[in-house]
Amino acid sequence: MSVITLTTDFGSLYPASMKGVILSINPDATIVDISHSVPPTDIRAGAFALYSVVKYFPPGTIHIGVIDPGVGSDRKAIIVKAGDQWFVGPDNGLLIPSARLLGAIEVYEIMEDGLSERISSTFHGRDIFAPAAAYLSNGKDVLEIARKTDDYVGMDFSGYTIEKQFIEATVVYVDDFGNIITNIPGEKILDEIEVGTLLSVSGRQMPFLNTYSGVSKWELVALIGSHGFFEIAVNQGSASRLLHLANGNSIRIGMSRS
Amino acid sequence: MSVITLTTDFGSLYPASMKGVILSINPDATIVDISHSVPPTDIRAGAFALYSVVKYFPPGTIHIGVIDPGVGSDRKAIIVKAGDQWFVGPDNGLLIPSARLLGAIEVYEIMEDGLSERISSTFHGRDIFAPAAAYLSNGKDVLEIARKTDDYVGMDFSGYTIEKQFIEATVVYVDDFGNIITNIPGEKILDEIEVGTLLSVSGRQMPFLNTYSGVSKWELVALIGSHGFFEIAVNQGSASRLLHLANGNSIRIGMSRS
Amino acid sequence: MSVITLTTDFGSLYPASMKGVILSINPDATIVDISHSVPPTDIRAGAFALYSVVKYFPPGTIHIGVIDPGVGSDRKAIIVKAGDQWFVGPDNGLLIPSARLLGAIEVYEIMEDGLSERISSTFHGRDIFAPAAAYLSNGKDVLEIARKTDDYVGMDFSGYTIEKQFIEATVVYVDDFGNIITNIPGEKILDEIEVGTLLSVSGRQMPFLNTYSGVSKWELVALIGSHGFFEIAVNQGSASRLLHLANGNSIRIGMSRS
């Protein structure tokens, strides 16, 4: 058994040929879709999607990520090892936050020869990343298909400010409920503000609580989401629609502290 | 082999961490998505989604359902056994119609200790229901993780009226074709009206037939859907859009009988 | 191990009962979703979806296709064998282009008796195609459930014109990026026009290139897509929205040649 996950912005259809390639090389692979509805070409949102789930996967899991606006250009294809897990995808930062979350990372540049009969210039998910992951899952040594490198594109979710009167952050993901997930780790917030504190965004007030159901239906609430980041939600509604905030937007949160 | 199904209102992303948890505990589980696009917090629609498919699953299947607006409150987490299948989810009625469909039911309250390293207040699907289902699928005795109870929240799809001149019912699910599924079991309709009868909704007429293709393209038709319930559809179109009816709406159907 | 794929216009929910039926008959089947969001009743789009992926699947794969507006009428249910793969679905042309792509085809008419306890008139995906595919995957001889026929509905993606000054084609699929996929095979285009040629659609110009990233963000580009067909795209945007073109539309492409 080995688990191979897929995180892409492909929507339907294209992931299936990746699965065909994987099962042709390793018929026993267990394939898990993480998301195929990452907003198109939004590398940061894709990085967050993967980041939010990797620690729940078993040792040996191989994660393929394909948010790849540079496909066909000269960006590298990489494999990253961290903890007991592997990551395969383009060298554009997508895989790095997830890998770092699991520990020290090793980065390898994929040597494309021999992975596919023919490598298209438009679909490396199918022609490079899927076969590379499938060969790894079959037990092939990483050095047979890639060489170690120290030269890769990084990414982190930093870039927020917590001041006395306000917080400035970035919206890193809007989930399918419309919950607004920021780039502030939960523990950083908990160092600074207490449960029960009243916050405000765009003139609207909301309490900082532990659960969605701590406010009435359709009321705003701020909390640490299950992904571990600071989040603004509407109980049984969409905070994204209410506050007009989307992936990549800046958000300024006011607070009154004693 | 054991099959574990998932029915949620999570959209993309969150189901993946449930799958990671399941595969970490039982690497041989076969995971099947029933739906992750149940309308958010619509417990009745989720109950119907599960209800429409359970009888097609093999003995031993474990169904996880997470439409859970009360997560983090004091609602219980339960396991239900019925026929040869299991159901795991919140105690809000979601699991009950499906279980009852399979026969007499036994309900157990999950003891949360020991299921996860840390139980969040926002994502019991990942921290309680997924591990509970995975341990059951590994052969753990239900009494090791839960205790029997008679105290649980029920649900049924009743509440319709069939009179001489009209039917009153509730829309229990609008599927992705826009077909309007009511809460009236097919056999109850067949006791009362014959195939060929002319019905009307909101002043629009439609025949009660056996198949969608019995009317022309874009025409209304009433039938017993493949789920076994009375349904109103538009051949190759959306009845929900045409009639402005959505989940939870009341529907009044006129009929002329001899 | 045997792989069974599903291509439907069902959206969520209904595919799950097909999976339950398959796993009840063959617990070891590996089920792969190709797409469940084929535009409703669009047989040509479904045929293309399947066509674009079949050659990446391993020998022995069984593909179930259900775009089936004629369900419940007297259209036949068929099994098609081609290369080392199998196709199961309605006799409406859906399966034929994919099968032909793999080589010579053999067509069998399914004998419906004995496949299910009860065959509904609305859901042959669950009651006929899923069990037929599962029995095949279990090693049952095709002649136990079907008989050979030469009478079936065909389909091809032909019907385009390449002239000196213009190309006329049909939009066969709009993918989830909004890329407009035409019915012209890549090799036919490459016989006629060179990479770098300037093309025009509806008064808008675009170069014919190898990759999306060969033009700036939000610029139009024409290329051979990873599916092997001539395609018009917007780098990091939606060509379908920009050009107002959808499945089934005609498209006229101007070109200036030396």
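**View 1. Polar contact between the two domains of chain A.** The count between domain 1 of chain A and domain 2 of chain A is 1 residue pair in polar contact, both residues at pLDDT 80 or more. A polar contact is a pair of N or O atoms within 3.5 Å; within protein, one must be able to donate a hydrogen and the other to accept it, and residues adjacent in sequence count only if both atoms are side-chain atoms. Helix α2 (residues 43–51) of chain A gives the largest share, 5 residues, of the side of domain 1 that touches domain 2; helices are DSSP runs (H or I, at least four residues), as are strands (E, at least two), numbered from the N terminus. This is a predicted model, in which local features need pLDDT of at least 70 and side-chain atom pairs count only at pLDDT 80 or more, while totals for chains, interfaces and linings use all residues. Residues are numbered from 1 along each chain as its sequence is written, chains are lettered from A in the order in which they are written, and side-chain values use heavy atoms, without hydrogens and water.

**View 2. The side of chain A that touches chain B.** In this interface, 29 residues of chain A are in contact (heavy atoms within 4.5 Å) with 26 residues of chain B. Between chain A and chain B, 12 residue pairs are in polar contact, both at pLDDT 80 or more. Strands β2 (29–35) and β13 (220–224) of chain A each supply at least two residues of this side. The largest share, 5 residues, comes from β2(A).
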